[in-house]
Amino acid sequence: MADSRPVLIIDPGHGGADGGASSADGLLESEINLAISLRLDALARLCGVETVMTRETAEINYPPEADTIAKQKVYDQKTRVAQINSFPDGVLISIHQNFYPDKRPSGAQVLYGHTEESQVLGTLMHNNLVAVLDPENRRVAAPIDEKIYLMRNAVCTAVLVECGFLSNETEAAKLNTDDYQKQLSVVLLGSYLQYTGATA
């Protein structure tokens, strides 16, 4: 049953003072991350999945002592980790966009956390994204860099989804469309349901 599934923790990467990467025409990663995450959240709740979001708006309320961008980023990341780790049996999907100096690279890639179950989910989700949305994609699921604070400190099953490259003008335009954001949300939720059904 859906109510027996683990909480789906949706993390729209960046936000507030941290806009993340940006496309050539100024499209911010933080905005695309939030748009996809809100679609995923709505779709998941429609399917009876309990969800938690680490942010639901573009703004982040920082404490007065976080008076530099560096301090604001640290505060935000620590706050998110504390929220995520309050659901140790949850499943985290962190939504991001990729960027590379060369404008040619494109395609989604799923990076997984340090647990064995994270690798299982990450591989499943990546394969689904490729099969459904981009059969020409030759990227593979891979372990996340240990430098990524949030993923390193999350205790639950955790994946980070690089949905595409904002540095690729064609892909950036696609990522900014309602249609493609909906498709991404469907594949991400489908992968969560497939994973949690198999491990239930």
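Reply: What follows describes the pocket and its lining, and then turns to the sheet.

The model is predicted, so to speak of local features requires pLDDT of at least 70 and side-chain atom pairs count only at pLDDT 80 or more, whereas totals for chains, interfaces and linings use all residues. Residues are numbered from 1 along each chain as its sequence is written, and side-chain values use heavy atoms, without hydrogens and water.

The largest pocket has a volume of about 310 Å³, the volume being the space filled by probe spheres set on grid points joined across faces, edges and corners. A pocket here is an open set of points on a 1 Å grid over the protein atoms alone, where a 1.4 Å probe fits, with protein on both sides within 12 Å along at least five of seven lines; lining residues have an atom within 4 Å of a point. Of its 19 lining residues, His14, Gln77, His96, Ile148 and Tyr149 are the closest to the centre. The lining divides into 6 nonpolar, 5 polar and 8 charged residues, where Ala, Val, Leu, Ile, Met, Phe, Trp, Tyr, Cys and Pro count as nonpolar, Asp, Glu, Lys and Arg as charged, and the others, Gly among them, as polar.

Helix 2 (69–85), strand 3 (91–98), helix 4 (149–153) and strand 6 (157–165) each supply at least two lining residues, and helix 2 gives the most, with 4; helices (H or I, at least four residues) and strands (E, at least two) are DSSP runs numbered from the N terminus.
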